Amino acid sequence: AIVLPEITAALDGLEYKFIMANDAGGSITITATDQAGDYYQGTLAVHSVDADDGFAANGSSNNIITMNATTTGGLLGSEVNIRAMWKVGWIVWGNVLGTDATGATPFSG
C-alpha cells in the first residue's frame, strides 16, 4: 500500500511515477487523503488481452487507486503518474496492464 501526503501549497507540483517492475501478486493500492482538494482527477487506461478501456476519476470522492493484475491493471509495465495540484487534487494519468478481457475502474473511495 502506498499512501500519498496531504496536498499543501509547499507540495504543489510534486509528482510521482509508479512503474510496475513485476506483476502485482495481489491488490496494490495508492491512497490519497479522503478530503476535498486531495481527490483524484484524470484518467487511467486499462489495457488487457482483448480490450482497451479508459476510466476517469470523479474528482469528488475517488481517493484510492487499486491495481489487481487482472481487471484493474498492475502487470509488468503498468505506469501511473500522479501530480499534486494545490486546492485541486491529484492529477492522474497513465496506462495499466491487466489480463481480463473487460477492464474495470481502478478508482474508488
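## A charge over a ring

A charge sits over a ring if NZ of Lys or CZ of Arg is within 6 Å of the ring centre and within 35 degrees of the ring normal. In this predicted model, lysine 87 meets that description: it lies over the face of tryptophan 86, at 4.5 Å from the ring centre.

## Aromatic pairs

Now to rings facing other rings. The model holds 3 aromatic pairs. In one of them, tyrosine 16 and phenylalanine 18 have ring centres 5.9 Å apart and planes at 15°, so this pair is stacked. Tyrosine 16 itself is partly exposed, with 27% relative accessibility.

Tyrosine 40 and phenylalanine 107 give a tilted pair, because their planes stand at 55° with the ring centres 6.2 Å apart. Tyrosine 40 belongs to strand 4 (residues 40-47) and phenylalanine 107 to strand 9 (residues 107-108), so their pairing ties together parts that are 67 residues apart in sequence. Are these two partners buried or exposed? Tyrosine 40 is buried at 0% relative accessible area, and phenylalanine 107 is buried at 6%.

Where does leucine 14 sit? You will find leucine 14 in the loop between strand 1 (2-3) and strand 2 (15-19). With 26% relative accessibility, leucine 14 counts as partly exposed. Its C-alpha atom is separated by 21 Å from that of asparagine 58, a residue 44 places away along the chain.

Technical notes. Residues numbered from 1 in each chain as written. Predicted model: local features only at pLDDT ≥ 70, side-chain atom pairs only at ≥ 80, totals over all residues. Heavy atoms only, no water. Phe/Tyr/Trp six-rings, centres within 6.5 Å; stacked < 30°, edge-to-face > 60°. Buried < 20%, exposed > 50% of the residue type's maximum accessible area, 1.4 Å probe, protein only. Helix = DSSP H or I, 4+ residues; strand = E, 2+ residues; numbered from the N terminus.
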